[in-house]
Amino acid sequence: MKKWVLAIVAACFSITAWAADPAYQEGVQYKRLAQPVPTSTDDGVVEVVEMFGYLCPHCNNFEPLLEHWKAEQPEDVKLVTIPVVFGRSWEPLARAYYAAELLGKVDETHKAMFDAIHLQRKRMRSVDDLADFYADYGVDPDEFRKQYDSFAVNMKLKQGESKARGYQIEGVPSMIVDGKYLITAGSAGGHEQMLKVVDYLVNKERD
């Protein structure tokens with residue numbers, strides 16, 4: 001009889017211990033950065049960063065999920081989107097993103113750029129190609145070219161590269177919560193799972 005009681009107690013202890021474990025574990029579903037990267041948010045606001053590239057097919061697949069997630073966030077969560085530059089072919093599109101940001105056109109053109117590249121198979125080989133694309137959304141081509149090569153865009157590129165190094169980005173899409181935690185599709189187990197881990201870490205930062 002005592003053996004049965006001990007077995008039941010042990011089983012209950014195991015269940016309690018399992019329930020107390022966090023849903024996600026550091027070093028498994030996410031990584032804590034050795035050196036936290038300063039955020040751009042005010043106190044009480046949790047910054048969530050997405051590192052992406054327009055040429056990346058995984059980022060294209062992730063975009064609709066991220067947009068849905070963004071629409072559901074309360075005021076104390078801020079999404080920041082940063083284009084990475086993994087090679088020469090990535091820089092023009094990163095410049096285009098920053099130029100569109102300065103011109104207030106990112107919300108209108110972000111998904112459209114993914115669609116142009118991955119659905120319509122357009123090749124943005126030059127600044128003129130990019131200027132033509134943004135002209136369809138009301139951006140004056142000359143103004144776009146001016147911003148594309150501007151000091152402000154050059155600075156944003158340098159800041160983005162610095163952030164990518166600080167975040168230890170090796171692939172995209174990657175997400176960073178509050179400058180402390182790195183989440184990838186590989187660590188989380190897929191794109192949808194990435195956002196669940198992000199939610200977990202946002203709540204952790206609120207506590």
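Which residues form one aromatic cluster? In this predicted model, the cluster consists of Phe-52, Tyr-54, Tyr-97, Tyr-98 and Phe-114. The protein chain has 207 residues, of which 41% are buried, and its secondary structure comes to nine helices and five strands.

**Overall fold**

- Along the sequence, the elements of the protein chain follow the order α-β-β-α-β-α-α-α-α-α-β-β-α-α.
- Of the contacts in the protein chain between residues at least 6 apart in sequence, 72% join residues at least 24 apart.

**Aromatic pairs**

- The structure contains 14 aromatic pairs.
- One of them is formed by Tyr-54 and Tyr-97, with 6.4 Å from centre to centre and 55° between the planes, a tilted arrangement.
- Tyr-54 belongs to the loop between strand S2 (46-52) and helix H2 (57-71), while Tyr-97 belongs to helix H3, so this pair ties together parts that are 43 residues apart in sequence.
- Both Tyr-54 and Tyr-97 are buried.
- Phe-133 and Tyr-137 also form a pair, which is tilted because the planes of the rings stand at 45°; the ring centres are 5.4 Å apart.
- Phe-133 counts as buried because its relative accessibility is 7%, under the 20% limit.
- Tyr-137, by contrast, has 24% relative accessibility and so counts as partly exposed.

**Packing of helix H3 against helix H7**

- Helix H3 (residues 91-102) packs on helix H7 (residues 151-167) at an angle of about 120°, and the two axes are 9 Å apart.
- This angle makes H3 oblique to H7.
- H3 and H7 cross in a right-handed sense.
- On the H3 side, the contact involves Glu-91, Ala-94, Arg-95, Tyr-98, Ala-99, Glu-101 and Leu-102; on the H7 side, it involves Ala-152, Val-153, Asn-154, Lys-156, Leu-157 and Gly-160.
- By class, the residues where H3 meets H7 are seven nonpolar, two polar and four charged.
- Tyr-98 takes part in this contact with H7 and is also a member of the aromatic cluster.

**Packing of helix H3 against helix H6**

- H3 also packs against helix H6 (residues 141-148), at an angle of about 115° and with the axes 9 Å apart.
- H3 and H6 are therefore roughly perpendicular to each other, since angles of 65 to 115 degrees fall in that class.
- The crossing of H3 with H6 is right-handed.
- Pro-92, Arg-95, Ala-96, Ala-99 and Leu-102 of H3 make contact with Phe-144, Gln-147 and Tyr-148 of H6.
- The contact of H3 with H6 comprises six nonpolar residues, one polar residue and one charged residue.
- Arg-95, Ala-99 and Leu-102 of H3 meet residues of H6 and also meet residues of H7.

- Val-172 and Pro-173 are joined by a cis peptide bond, with omega at about 0°.
- Pro-173 is located in the loop between H7 and strand S4 (174-177).
- Gln-168, found in the loop between H7 and S4, has a positive phi near 60° although the residue is not glycine.
- With a relative accessible area of 31%, Gln-168 is partly exposed.
- Asp-178, in the loop between S4 and strand S5 (181-184), is not a glycine and has a positive phi of about 55°.
- Asp-178 counts as buried because its relative accessibility is 17%.

How values were computed:
Residues numbered from 1 in each chain as written. Predicted model: local features only at pLDDT ≥ 70, side-chain atom pairs only at ≥ 80, totals over all residues. Heavy atoms only, no water. Axes fitted to C-alpha atoms, helices over the stretch in contact; angles between N-to-C directions. Helix = DSSP H or I, 4+ residues; strand = E, 2+ residues; numbered from the N terminus. Parallel < 35°, antiparallel > 145°, perpendicular 65-115°, else oblique. Left-handed = near helix turned anticlockwise from the far one by under 90°. Contact = heavy atoms within 4.5 Å. Nonpolar A, V, L, I, M, F, W, Y, C, P; charged D, E, K, R; others polar. Phe/Tyr/Trp six-rings, centres within 6.5 Å; stacked < 30°, edge-to-face > 60°. Buried < 20%, exposed > 50% of the residue type's maximum accessible area, 1.4 Å probe, protein only.
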